[in-house]
Amino acid sequence: GAGDILDFDKPVAVLLLGILGHAAATAEQMHAITGRLMAAVPSGSYLVVSDGVDIGHQGQREAAGLHGYHLRTPAEFDACFTGLQLLDPGLVPVNSWRPGLAEIGHAVPLVNSRVGLGRKP
């Protein structure tokens, strides 16, 4: 298991990148997964989640349904980080995560994926 490779006496990073929409049919299941994983790691460990969120676009909902992907509301996504210390830039659309230089006055498109980084106290 993971304990054969990782030293759980030291902080680790839990990375859930684009999988919770496939792994959990409900927001409650998603929160149970993130809660169980974070309960098992020591203080100082990190949680990184990037997943699809429902931004009210019918085409996005239809595409997600075709692939068995369960979209969450932004609030349901954000609840994965309950009890964790959020780190900059907070819970944001993926295109706002450490963005590079952009042209002044250039509009940023609405993105249907969200990302966050939290640290276990």
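Predicted model: local features only at pLDDT ≥ 70, side-chain atom pairs only at ≥ 80, totals over all residues.
Residues are numbered from 1 along each chain as its sequence is written, and side-chain values use heavy atoms, with hydrogens and water left out.

Let us stay with the strands (DSSP runs of E, at least two residues, numbered from the N terminus). β1 and β2 pair in the parallel sense over 5 bridges, pairing being called when DSSP finds at least two bridges between two strands. Here A13 faces Y46 of β2. On its other partner, β5 (residues 113–119), β2 pairs in the antiparallel sense over 7 bridges, and Y46 has R119 as its bridge partner there.

Now for cover. In β2 (residues 46–52), 6 of the 7 residues are buried, that is, under 20% relative accessible area with a 1.4 Å probe and protein chains only. β1 shows a covered face of V14 and L16, while A13, L15 and L17 form an uncovered one.

Finally, step back to the segment before β1 (13–17), where L6 is found. Together, I5, L6 and F8 make a nonpolar surface patch of about 310 Å². Such patches take residues with over 30% relative accessible area and no salt bridge, nonpolar side chains (Val, Leu, Ile, Met, Phe, Trp, Tyr) being joined within 5 Å. L6 has a relative accessible area of 40%, so L6 is partly exposed, a class lying between buried and exposed (over 50%).

Notes: Patch = residues over 30% accessible without salt bridge, like charges linked within 9 Å, V, L, I, M, F, W, Y side chains within 5 Å. Areas by Shrake-Rupley, 256 points an atom, 1.4 Å probe, with all protein chains shown as cover. Salt bridge = Lys/Arg side-chain N within 4 Å of Asp/Glu carboxyl O. Helix = DSSP H or I, 4+ residues; strand = E, 2+ residues; numbered from the N terminus.
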